[in-house]
Structure formats: structure tokens, C-alpha cells
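Keep the sequence and the structure in view while reading.

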Amino acid sequence: MAEQRRPLVAGNWKMNGCVADLDEIAAIRDHVASGAAGIAEVAVCPPATLLMAAARLCADSALRLGGQDCHAAPNGAHTGDIAAEMLKDAGASYVIVGHSERRADHAETDADVRAKAAAALRAGLSVILCVGESRAEHEAGEALAKVGAQLAQSLPEGIPADRLVIAYEPIWAIGTGVTPTRGHIAAMHGFLRDELRHHVAGSADAVRLLYGGSVKPGNADELLNASNVDGTLVGGASLKAEEFLPIMQFYSNR
Ligand code: PGA
């Protein structure tokens with residue numbers, strides 16, 4: 001982890017959370033206020049229905065909020081979709097684009113993801129771009145090629161490095177309890193750092209590279225210690241403040 005990059009610990013709540021779960025966001029906010037995350041920035045990406053209420057809870061807090069997806073257009077006849085501008089208006093600082101569940105459930109292509117990332121920038125949001133290979137691609141030794149292609153095809157040209165976060169999330173590790181070796185993560189993140197030099201405006205060293213996929217309190221130390229890992233995108237273990245807390249605390253003594 002280079003000194004100029006502030007680690008980011010981000011929770012992706014996916015399609016989980018109702019009004020009662022705002023208590024968890026308040027608890028995470030309080031952990032952040034008490035310094036539990038040390039030098040790290042902490043963000044939660046709740047379902048869009050909770051964003052405004054969460055923003056009210058976090059009004060004077062360092063806890064950041066994000067959306068989980070956005071439409072490429074700023075407004076219009078797109079029933080059920082949410083514009084990046086609306087997420088910003090509701091209090092988001094970040095938006096996740098290209099999550100493998102969106103790619104699978106909604107047939108999102110790299111071109112779609114690129115348009116969404118451009119929309120996020122237009123709206124003043126920072127982008128958390130997810131990339132990652134399938135189990136079959138992993139087993140065939142195609143992980144770097146797959147992720148390199150995703151990166152090349154889904155990053156808007158000249159995206160500012162300081163508005164971009166990449167989350168490497170091998171699909172076979174998401175929600176499975178199976179995780180890559182530290183060596184695999186380090187190799188992938190080193191590759192991503194090199195590739196980014198061709199794709200971003202500004203220094204590629206400023207882009208934060210997160211690892212995501214079955215990060216839990218019990219494996220955070222092992223996974224987040226890999227070189228070029230600047231934080232994590234956490235699904236299941238971000239839903240409860242008491243499970244998210246020990247992951248945030250990885251950065252408390254650095
Ligand atoms: P998980 O999800 O932590 O539940 O594996 C991670 C993600 O999909 O962002």
C-alpha cells in the first residue's frame with residue numbers, strides 16, 4: 001500500500017436492508033467516529049430506498065455512502081432505473097458499476113459499464129468499478145486476460161485517477177466462502193496497477209485497488225495484507241456493524 005493512497009473499506013449491501021437496518025448504518029457511523037477504521041475511509045452502499053435516510057444519519061459523519069448501480073442517462077423514460085445524478089442528490093459519494101451480479105442478472109456488457117462510469121463522473125460521483133473472472137476462466141489460467149479486457153473496455157477514456165476505485169472480485173469468491181491465495185491477489189493487483197497506466201488521467205498510483213469476495217473478520221488480515229491492496233469491498237459481512245467492525249479495524253494500527 002503506497003502512502004499516498006488512503007485505504008477504502010466499502011460495504012455492498014446488495015438487495016438487503018429495510019428501514020430497521022438503518023440502525024446498523026448508525027452503528028457503523030459511530031465506529032468510524034470513534035476512530036475504529038484508523039486511516040481508512042469507510043463507505044456503505046445500501047439499497048437506494050435507504051440512501052436518503054442514511055444520508056441524514058451520516059450528515060456530520062466521515063462515513064460515506066454509495067449507490068450500487070446507475071443508469072447511463074441523467075433522466076428520462078427508464079422505468080425502475082436510477083440516474084447517477086439522483087444518487088448524488090440523495091447523498092451518495094460513490095457508485096458501484098459493473099458488479100458481476102449486475103453483469104449476470106441484467107446482461108450488462110463492458111460497454112454498458114463504461115457508459116455508467118461516465119455517467120457517474122458527470123454527476124460528480126466517484127466510481128467503484130468491479131472486475132473479476134469466472135471460475136472456469138480462473139481454472140483455465142485466463143484471469144489476467146479477462147480482467148485486463150474488462151478494464152480496457154469499461155473505463156471511460158481519461159478517467160481521473162482520483163475518482164476511480166477498482167474492486168477486483170473473482171466471481172468464484174463472491175458469497176462462496178472460498179477465497180484466492182494472497183499470491184493470486186497480489187499478482188492480479190500488480191497487473192491492474194500496471195494496466196491502469198494506459199487508461200487513466202493522472203497517476204495510476206492514485207487509483208485504489210480493492211479486493212472483494214468472501215472477506216470476513218477471520219480472513220481480513222490474510223487477504224488485505226497482499227501487496228497493492230488498498231482496501232476491500234465487502235458484501236455479506238457488511239450487513240451487521242459488529243461483523244464489519246473487525247474488517248475496518250484492519251487499518252486501525254497502520
Ligand atoms: P461477499 O460479496 O463479501 O458477500 O462475498 C462481495 C461483493 O459481491 O461485493
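## The cavity

In sorting residues by class, Ala, Val, Leu, Ile, Met, Phe, Trp, Tyr, Cys and Pro count as nonpolar, Asp, Glu, Lys and Arg count as charged, and the others, Gly among them, count as polar. By these classes, the lining of the largest cavity has two nonpolar, four polar and two charged residues. The residues in question are G98, S100, R103, C130, V131, G132, Q150 and E169. C130 and V131 are nonpolar because Cys and Val belong to that class. R103 and E169 are charged because Arg and Glu are in the charged class.

The space in the largest cavity is about 40 Å³. The count of cavities of 30 Å³ or more comes to one. Helix α4 and strand β5 (126–131) each supply at least two residues of the lining of the largest cavity.

## Confidence in the model

The model is predicted. The protein chain has a mean pLDDT of 96, and 99% of its residues reach 70 or more. Among the elements of the chain, strand β4 (residues 94–97) has the highest mean pLDDT, 99. The lowest, 89, belongs to strand β8 (residues 200–201).

## The ligand

Which residues come nearest to the ligand? Of the 13 residues around the ligand, these are K14, H99, E169, G175 and S214. E169 is also one of the residues that line the largest cavity. By class, the shell around the ligand consists of four nonpolar, seven polar and two charged residues.

For H99, the distance from a side-chain N or O atom to an oxygen of the ligand is 2.7 Å. At G235 a polar backbone atom takes part, 2.8 Å from an oxygen atom of the ligand. The ligand taken alone exposes 280 Å², and the protein buries 96% of that.

The volume of the largest pocket is about 500 Å³. It is lined by 18 residues, of which K14, Q68, D69, R102 and H106 are the closest to its centre. K14 is also among the residues nearest to the ligand. Helix α4 (residues 100–105) gives the most to this lining, with three residues. By class, the lining of the largest pocket has seven nonpolar, five polar and six charged residues.

The second largest pocket holds about 160 Å³ of space. Of the 13 residues that line the second largest pocket, E41, Y94, S126, D162 and R208 are the closest to its centre. The residues of this lining divide into four nonpolar, three polar and six charged.

Notes: Residues numbered from 1 in each chain as written. Predicted model: local features only at pLDDT ≥ 70, side-chain atom pairs only at ≥ 80, totals over all residues. Heavy atoms only, no water. Near = heavy atom within 4 Å. Polar contact = N/O pair within 3.5 Å; in protein donor to acceptor, adjacent residues only side chain to side chain. Areas by Shrake-Rupley, 256 points an atom, 1.4 Å probe, with all protein chains shown as cover. pLDDT = per-residue confidence, 0-100. Helix = DSSP H or I, 4+ residues; strand = E, 2+ residues; numbered from the N terminus. 1 Å grid on protein atoms, 1.4 Å probe; cavity = no way out; pocket = protein on both sides within 12 Å on 5 of 7 lines; lining within 4 Å. Points joined across faces, edges and corners; volume = space filled by probe spheres on them.
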